[in-house]
Each structure stands twice: as structure tokens, then as C-alpha cells.
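Hi,

Here is the structure I promised to pass on. Have a look through it, and my notes on the aromatic side chains follow below.

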Amino acid sequence: MQHVLFSVLATATAVQAYGLGSAGWDAAYSRARAALHKLNQTEKVGIVTGVTWEGGPCVGNTYSVESIGYPSLCLQDSPLGIRFANPVTAFPAGINAGATWDRSLMYARGAAMGAEAKGLGVNVQLGPVAGPLGKNPDGGRLWEGFSVDPYLSGVAMEETIQGMQDSGVQACAKHWLGNEQEHNRETISSNIGDRAAHELYVWPFMNAVKANVASVMCSYNKVNETWSCESDAVLNKLMKTELGFRGYIMSDWNAQHTTVDSALAGLDMTMPGSDFNSPPGSIFWGSNLLKAIADGLVPQSRLDDMVTRILAAWYLVGQDKGYPGVSFTSWNGGKASVDVTDGHAAVVRSIARDSIVLLKNEEHALPLRRPKSLAVIGSDSIVNPDGANACSDRGCDNGTLAMGWGSGTAQFPYLVGPLQAILGQSERTGTKVVQSTTDDIAAAASAAAAAETAMVFINSDSGEGYITVEGNSGDRNNLDPWHDGNDLVKAVTAVNKNVIVVVHSVGPVILETILAQPSVKAIVWAGLPGQESGNALTDVLYGAVSPSGKLPYTIAKQRSDYGTGWVNAEVDDFKEGIFVDYRHFDENGLVPRYEFGYGLSYTTFDYSSIGIHVFATAGASTGVVVPGGPSDLFESVGTITAQVRNGGAVAGAEVAQLYIGLPDSAPWTPPKQLRGFQKLQLQPKQSGLVSFALTRRDLSYWNVQMQKWVVPSGTFHVYVGSSSRDIRLRGAFSVRESWWPSIPSGQI
């Protein structure tokens, strides 16, 4: 595997942003440069240096500069809500937003989170997450991001960032780069091949930069043996030069290791400005940076560039005019002086509902209609008896799972448990509910034997490595259900012939033991749904809406089928290259249990009439660098269209998916890769047109020798369907190394 990593496409002075958002950046830079001239050296260093851990009301704070009206910047977790503050909304996790495959909901979630952040006086909300991408199915923070697929993750990043920044808060794309596990995260080196880096791990960050994200957070780990936050290749050359990023790069909390090297490598802001000790140590900037500049070890121009980038981001989203002050303190319970949650519960419920994936539904077990009796079984069916927020940073697995643990969490204003919502439904349907809300096997069997239908709730949790839960230090030890969930289901199926299993999980769970029980008629994946968990679930269980979520990753038959996993070592060589998740399954002829993009509905959908209209030409990208990369990568090269018809008797939404297979001239390439999707709401017997717009990037691979994105010549294969394996329409088109347009080959 090659580690040529990140050669420069253009010199830094040649980077010119234009196109979408360019006027905003240009104007912001003009104002930032004017403000820079009013600052003295101490003020400049204060803007780039955190005030130390717990030195201000937020998890990160900088020094204020009164001469230009610049406040102490407030930086606050998390990617699913505002951490250490209340009342706030506890949104569904990123993985649920990804499972909706719905651009409008991704945007709405970002906009609502951004509105709450602004209302509380948060300047920078630390999210969204594209790293970890999730190559390891047992990775502890997979759930904070959107999908293991870079295309889906990239779309979600772009929509979320636009929503957040349209609301006035600065977004922070994290964690850059290769932060794929919690074990040894502060020492491990992610040795990523150049092609895998670009096609998988960099890809969604390209979308983030294209969306004009204000800031990027570099990660704890090393990349190819150099600390991410000290890597000239990762920060200066790849992010700022190759991707044309115009915002600023901050360190993850205490991920900085030096004064000079980090400054020269391209770090722009150190957070939180110290380590977590009392009194704080490891203060690399502040007076140390002043001295390094005075001694000629760091150029004055480098400090001025840091400050200009930070000020430009502040001006870009309009925080210089009428922005609220911070209304909470992270260290005293976080009680805010304002309530910013108004109306956002509806957004939460919509995302939680539309992210539910129906994995199995035999004998029309779902939707429930008017069952005479229903057993509700498992500790995951109720809210933690000690309270939804009983465990710091949600660091326990007691009660129903609605978010993972760690800094990526928020405090629940309330949490509607599944049983609570089911009891509400049962009053309207006259259903007798038999409860067994522990994971005791004997009690579960007794309850199941007393009901017509039994519903078993199981889960699997994970989170950030600074907390260990039930022996899991961030990353999961295995992909089995927690609390002996397999045995719980087996005990229920032994006495009841109509069993429904509901799974709340941070990622894939091996379901083979459960599927081996003939009495299991339905399986529902509900992910990490946030505060409206039970209400969203009953919307689907009782048929108020048809399920429309699709898997954002593959569920395997056995753990070893993934070919990846966290390593208990100081080096991860990323030997799988670009063959992650469904790419790995396709390349190796492995049969998944439930493939990437899979999800059932209460209705059926028919596909017809594929149309291929592509006019790309082969060759390397040559465009000037704009935010996101070379400009021609984002140019339109045509569309693929298809008709989708709801053939059933109920309304439903279908996610039509486009996969592209590159020509044989592109070496060592997956058989197909996601390159488009569209969610279409259809009434019974209604048809609709899906249209997938292709860009040059969608047809390209990263050529290591040329150090460019290249559209290969030859025949491209087109796959349109309901999942990565359920392909309904096929076609092809040819690309030549000339100005001649691509030639559709029609249906195959």
C-alpha cells in the first residue's frame, strides 16, 4: 500500500475561491484583514489561544478583543445538541440522520441545532462528524457520524453545515483525519494509503469545505506517523491547499503537542488552551507563541494568517452583529437563562421516525392494528429508572438507548420511552399490555406467555474512550446485543409465536441467533432516536406512517465478514484500502445479512424507464482550486433518471439509489459505489421521476501517480435500485478521451 499521501495540487498562493459562497468568503476576508490591522500582538495571540480548560463558561473559550468588538468565542459540543446546557433539544444521532437518506431532514436538523446554539450564545458548535467514517463496525463513535459510505456522509455533512450556518452558528467539521477508533486514539498512527485517504476519508470533508464550513477540528491520532494536529501534509497541503479551505483549523481538546511545529503545520487555534490538569499545564501557545514569533521560530505572517482565518469565519456567518451572549455555564449544571427548544421536538420526531429501518416483516406482523394483548419486554423499553440524564455524558446503558456516550451527547429535556408511547396507543386500541421491563429471562417468558404478541427491546451501546461502560472502553468488544439480548429473545420465542424485536444500537448488531428463531416475525432497527424515541417508534409500529429508513451500513452474518475492526496496537495500517463495508462484501463475494441501503416498507415500489444522459470526457481534473477541491470536480456531467411507482395500497417513501461501477481502466476499484440517492414520497399507485445529477467527481478515482482526480476511459456501469444489492435497473455509458460526449448503452 502506498503512502505518498497528499501531494499538493496547487501552491497556496494559487488557491482562489469562487462559485457558491465565494462572495461571502471574499467579503469576510476583506473585513478580517481590516480588523487585523487594529490588533496588537497580544490580542492576536489571544484570538488563537484557548483560555485553558474550565477557564470560561464553555468547553472552549478564547480571549475577547474589545477594540474590534470581538467576544470571547464560545465553542461547545456536541454534534447532536448542546452539551452541558439545559434546556436543550436532544436530537437523533448523526447515524439516524444518515438513515433517513433525506436531504431536507438533514438540513432541518442542522438548522434547528444551529438555532439553539445561537440562542444560547454558542459561536462554534463542534460538529458535524465525518470522522470516524465508520470503517470499523465496532468503533465507539461511529454513531456520531452519518454513514460508512463517503458519498452519503458527504451529502449529510453538506446539508447539516448549511443548516447550522444559515442559522448563524459556525459549524466545525471533525475529526480530521483517520480517527477511526477509541482504543489508543491519542497515540495510534492511522497509516492510510493515498487513494483510500482521498476516496473514503477525505471525500465527505470535501463536501464540508464546499459548504463553506467555518472550522475544522484536527484529531488526536497520528496520520502516517505524524500527529494530525502537527502534520503539514494533513493541514497545510491537504486541507488548506488541495481542498481550498478558507476557514480555520482547531485542535481537538489537548491534541496539540508543540508550540512551533503545530503553528508551522497549519494549526490556527488551540483548544482548550491547556491540558485537563489542575492547575492546567501543556500551554503551548499564549505567551509561548509570542516568544516563538519574537525569536523568529514562527513567522509573523503565520500568526496573521491564523487570526485572519478565525475572524473571517466570524464575519462569514454574521456573528459580528447582534449575536447573543453566552447564557449558560458548563460547570454549574448548565442551566440556561433562555429556552431555545421551541418547535424542535417535531424535527426530532420526524427524523427519528423516518430513520427507522424495517429489517424483517413476515406474515404482516407490522403494522400493529388492534392486538388484544401485547407483551412489552426488556429494560430497553423504559427510560432509565434513575432518570434519562442520570449518567454523566450518558455513560451507562440503563433503560432505553437514545444516544451513545461521550462528548457527543446532550442532556435530555425529556425522553419518551417505547413503553410509555405504547401504553398511550393501547388505551386507544383497547390492547392489554403485559410488562416485563427488566432483562430477566424468566420474567420475560412469563410476560410473553400471557400475550398474543410479544415485543422485545434490545440494544448495543458505545461511545468515547474516556468512559468505560460494562467493560467496553469506547469501542464495542463485540457486535452482539448487550444484556444477553439473544437469550432474552430466545426465551420469549419459546413461549410466543408472534415476536417483534426492536433494536436500539450505535451500529451494526449480529442478528443470526435472533433470526434463527422462527417465532421472530419482525425486526425493527431504531438506532439512536433522541428524545422523541417512543413517539417516533409507535408512528411506525402502528402504521401512522410506513417505514422509510435505509441502512447507512451493512449488517453482516458474522463479525469477521467485515474485514476490519479496531486494533489493540499503536498502528493501524488500513490494509483494507478502499474496500470498506459494502465495497468489501461486493469485492469478496460475501453475502450480507442486510446490505447497505436496505430497508423494507409497508408498501412496494416498482422501477422502470432508466434514462442515461452523460457527457463526460476522460482525463485528469485541471480546474482551479475552490472550496472543496478543483472546480471542475463539481461541474455537471449529466443525469441518470428512472421512474418509481408505489405499487401497494398505502402511502410510502422510497429511497432510490444510484451506484456506479468504473471502467476496467480504473485499477483496483469496487464493483459499484453509491453516487446518488433521492427520497420520493408516493401515494398508492402514484409514480414519480427520480433524477440523479452527476458531477465529474462522481466518475473519478484518485490517481496516486498523477496526484489528481481522474475520470477513466471506457464503459461505466449504472445500477439503480432499492439497496446496494436490490438493483432494479441497469445500464451503461462510455467515456472517451476526447470532446465527444459519452455514449449511453441503454438498458442491459
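Which residue lies over the face of tyrosine 719, and at what distance from the ring centre? That one is lysine 672, at 6.0 Å from the ring centre. Keep in mind that this is a predicted model.

Both of those residue numbers fall in a stretch with a label: the UniProt annotation "domain: Fibronectin type III-like", from an unreviewed entry, covers residues 654-724. In the model, that span is 59% strand and 0% helix, and its end C-alpha atoms lie 14 Å apart.

There is another charge over a ring to look at. Arginine 103 has its charged end over the ring of phenylalanine 677, 4.2 Å from the centre. Phe677 also belongs to a cluster, where ring pairs link it with Trp101, Tyr151, Tyr582, Phe596 and Tyr659.

Now for the ring pairs in general: searching the whole structure turns up 21 aromatic pairs. Take tryptophan 176 and phenylalanine 205: the ring centres are 4.9 Å apart and the planes are at 70°, so this pair counts as edge-to-face. Tryptophan 176 is in strand β4 (residues 170-176) while phenylalanine 205 is in helix α6 (residues 194-210), so the pair ties together parts 29 residues apart in sequence. Tryptophan 176 and phenylalanine 205 are both buried.

Then there is the pair of tryptophan 314 and tyrosine 315, with ring centres 5.0 Å apart and planes at 55°, so this one is tilted. Again, both tryptophan 314 and tyrosine 315 are buried.

Cheers

Conventions
Residues are numbered from 1 along each chain as its sequence is written. This is a predicted model: local features need pLDDT of at least 70, side-chain atom pairs count only at pLDDT 80 or more; totals for chains, interfaces and linings use all residues. Side-chain values use heavy atoms; hydrogens and water are left out. Rings of Phe, Tyr and Trp (its six-membered ring) pair if their centres lie within 6.5 Å; planes under 30 degrees apart count as stacked, over 60 as edge-to-face and the rest as tilted. Helices (H or I, at least four residues) and strands (E, at least two) are DSSP runs, numbered from the N terminus. Buried means under 20% relative accessible area, exposed over 50%, partly exposed in between (1.4 Å probe, protein chains only). A charge sits over a ring if NZ of Lys or CZ of Arg is within 6 Å of the ring centre and within 35 degrees of the ring normal. UniProt positions are given in the numbering used here, feature names are shortened, and annotations may be inferred rather than shown by experiment.
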